[in-house]
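Hi everyone, thanks for coming. Let me put the structure up on the screen, and then we can walk through its packing together.

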Amino acid sequence: MRKLFVTISRSVGSLVLDTYDGKNGCYVCAIPDDDSKKILSGLARQIGNIDHARLRDKLHTTIMYSKYAPKTLPKFKSNVLYEGIFEKIESMVGHDNRVYIYAAINSNPLRKLHKVFLDAGAKHSFAKYNCHVTLDKYSKEDWKENGDKIKQKLAEINGQLKTKRICINFEQIKVANLKD
């Protein structure tokens, strides 16, 4: 699905609604700040993502993916830094049967923002909100061939980072219509 974005920028602190009209669902995501992008793309490089430099421009966490848009855009703080704590790197099978490698993020502010959109009438497409940033993805064939090696690498990285507290900051919120 193609997405049209409306940006709420921390530096501006205001909401621009050029392209969001709520007529075709609601997509909300948070973009990490530059320091957090460096951390996350470094993790992607460690797990073997050869395209980690290009990934930096795509890093985000989805706050809401809803086929049902709120009647009105809910009010929320747009001039703040949303903080989260990196927990570990995990994998999951996505809606498209690819295996996704992601950084699990613990963030009460992002959970609260998710709830703001739920309370306004959006219905999240997944049963449970899972705050994460995708670092890489694999086809079923690639995972079958390389999955054991990747799982071992994830275990090594998680072991190294277990005692470190790594803060991931999100400085920009984007709100968009879902587009086919």
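When I say that two residues touch, or are in contact, I mean heavy atoms within 4.5 Å. With that, look at Ile 101: leaving out residues up to four places away in sequence, its contacts include Ile 47, Ile 89, Val 133, Leu 135, Trp 143 and Leu 154.

Before going on, please note that this is a predicted model, where local features need pLDDT of at least 70, side-chain atom pairs count only at pLDDT 80 or more, and totals for chains, interfaces and linings use all residues. Numbering runs from 1 along each chain as its sequence is written, and side-chain values use heavy atoms, without hydrogens and water.

Ile 101 belongs to the largest nonpolar core, which has 39 residues. Such a core is a set of buried Ala, Val, Leu, Ile, Met, Phe, Trp, Tyr and Cys residues joined through side-chain atoms within 4.5 Å; buried means under 20% relative accessible area, with a 1.4 Å probe and protein chains only. Ile 89, Phe 117 and Leu 135 are also among the residues with the most contacts inside this core. Apart from it lies another core, of 6 residues, including Tyr 27 and Cys 29.

How many aromatic pairs does the structure hold? There are 3, counting rings of Phe, Tyr and Trp (its six-membered ring) with centres within 6.5 Å; planes under 30 degrees apart are stacked, over 60 edge-to-face, the rest tilted. Tyr 27 and Tyr 65 make an edge-to-face pair, 6.1 Å centre to centre with 80° between the planes. Tyr 27 is buried at 4% relative accessible area, and Tyr 65 counts as buried at 19%. Phe 76 and Phe 117 form a tilted pair, at 5.6 Å and 50°, and both are buried.

Definitions and conventions. Buried < 20%, exposed > 50% of the residue type's maximum accessible area, 1.4 Å probe, protein only.
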